[in-house]
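Here is a short briefing on one predicted model. Look at the sequence and structure first, then read the points below.

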Amino acid sequence: MADKVRFIIERQDGPNDKPYTQEFDVDYRPGLNVVAALMEIQKNPVTVDGKRVPPVTWECNCLEKVCGACMMVINGRARQACCALVDEIQQPIHLAPARTFPVIRDLLIDRSVMFESLKKIQGWVELDGSWEVKDAPIQNPYTAQTAYEISHCMTCGCCLEACPNVGPQSDFIGPAPTVQAYLFNLHPLGKFDAPKRLNALMEKGGITSCGNSQNCVEVCPKSIKLTTYLAQLNRDVNLQALKNIFNF
Amino acid sequence: MHTTFYLRRLHSLCGLLVLGMVLFEHIFTNSMAMLGPEGLNTALEMMELIPKPIFLGLELGGIAVPLLFHGLYGIYIALQANNNPRRFGYLRNWNFTLQRWTAWFLVVFLIWHVGYLRFYVKGVTGTPISFELLQNFFQNPIVVVLYILGMWAAIFHFCNGITTFCMTWGITKGPRSQNVISVISMCLCAALCLVTVAFMASYFIY
């Protein structure tokens with residue numbers, strides 16, 4: 001068994017610099033994941049040629065597939081680095097930044113475009129006060145399961161990286177922010193703003209930019225049934241369009 | 001207000017309903033070639049019975065305008081995609097890519113098909129389309145291959161369009177209903193592709 005794990009990393013010194021690749025060897029240990037391996041490289045950033053280089057930059061926080069920060073392209077697939085176990089993926093391991101987003105340095109990307117998209121679809125609930133727990137409006141028990149599922153979305157951006165319609169060539173806000181509109185439309189108070197959100201989704205770059213490639217649902221690390229909710233939102237915007245036309 | 005939304009939905013309706021009808025009319029009429037020269041020629045003469053102004057109106061309103069809109073807006077849509085089936089080789093992503101590749105092929109094919117047969121042969125030279133004319137046209141094997149590919153591209157684009165239409169309009173919501181429609185439309189695709197081969201073959205049999 002090999003005691004070394006080979007990493008081929010696509011690096012980039014700055015937002016406008018040319019990408020290049022470097023290879024690193026990391027000592028194998030049981031349960032090694034990509035984030036832990038990157039930490040080893042950070043401790044001793046020496047390439048396989050024995051050259052000492054600036055350590056590889058990447059982003060991570062929770063290390064338990066909840067925060068979404070460590071999303072990168074691992075062996076061609078957009079996923080979280082923290083739960084990418086070396087034992088379960090093919091070696092040598094190729095790491096690259098998710099180029100759907102602007103690259104800041106190495107594997108570090110700027111995902112703020114998703115935050116801007118969440119603002120567009122009003123991904124929050126308007127409140128003008130608070131209740132005692134017993135007085136608060138309750139979640140619909142029939143949709144709570146769905147709401148819980150969609151609320152797992154950690155805006156990691158895997159679905160945007162996989163979607164052929166998201167990128168510099170298009171203004172599509174992507175599956176994750178689109179489906180968040182459905183989450184807030186399900187909320188007992190959020191539903192009052194449902195027409196606002198649906199109207200926002202009817203704008204350029206909204207749900208109509210979805211081309212049904214369905215890559216999003218394949219790559220979602222939280223297994224959110226994105227395409228099902230996109231179809232539901234398609235129903236909802238069609239109905240909203242009729243409401244707009246006939247003013248009911 | 002919401003111009004993109006209405007244009008997209010119109011693009012969807014126009015493709016499935018109007019251009020779908022055009023495709024079916026083509027397959028139906030051309031299938032008459034399987035009955036031999038008289039079969040196709042009778043069908044074509046029947047169409048000539050439609051009064052000229054109505055026929056021209058149908059061609060303009062039922063084919064030219066929807067086709068131009070669907071084609072031009074479709075080019076705009078296709079340009080917004082960065083096809084990635086090699087990175088994400090899932091079936092639906094391949095269909096997504098094929099939808100766009102067939103679209104590009106059809107843009108070129110239809111310019112040639114409409115430009116030559118409708119504008120040049122029927123319009124400029126005034127020659128009525130007949131079994132014999134097509135048989136002569138199909139003497140060139142390259143033309144035959146391109147026409148079969150053109151039909152297959154149109155049929156796939158239409159049938160995959162049924163699947164995505166159902167998603168876009170929220171008719172099929174969950175993966176199971178989407179798969180059912182997908183299987184049905186791909187069966188239709190295979191059947192229509194075989195019909196195409198059958199009527200194309202009849203030009204070499206009779």
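**Sheet and interface in brief**

Ile8(A) stands opposite Glu23(A) in S2(A). This is a predicted model: local features need pLDDT of at least 70, side-chain atom pairs count only at pLDDT 80 or more, and totals for chains, interfaces and linings use all residues. Residues are numbered from 1 along each chain as its sequence is written, while chains are lettered from A and ligands numbered from 1 in the order in which they are written.

**The sheet of chain A**

- Strand S1 (residues 4-11) of chain A pairs with S2(A) in the antiparallel sense, over eight bridges. Strands are DSSP runs of E, at least two residues; helices are runs of H or I, at least four; both are numbered from the N terminus.
- Two strands pair if DSSP finds at least two bridges between them.
- The open sheet of chain A has five strands, ordered S2-S1-S5-S3-S4, with mixed pairing.
- Strand S2 (20-27) and strand S4 (77-80) of chain A are the edges; each has a single partner strand, so one side of each is left without a neighbour in the sheet.

**The helix on the sheet**

- Helix H1 (residues 34-43) of chain A packs on the sheet and touches S1, S2, strand S3 (71-74) and strand S5 (93-96) of chain A. Contact means C-beta atoms, placed from the backbone, within 7 Å.
- The direction of H1 makes about 95° with that of S2(A). Axes are lines fitted to C-alpha atoms, for helices over the stretch in contact; angles run from 0 to 180 degrees between N-to-C directions.

**The A-B contact**

- Chain A gives 25 residues and chain B gives 25 residues.
- On the side of chain A that touches chain B, the largest share, seven residues, comes from H8(A).

How values were computed. Two residues are in contact if their C-beta atoms, placed from the backbone, lie within 7 Å.
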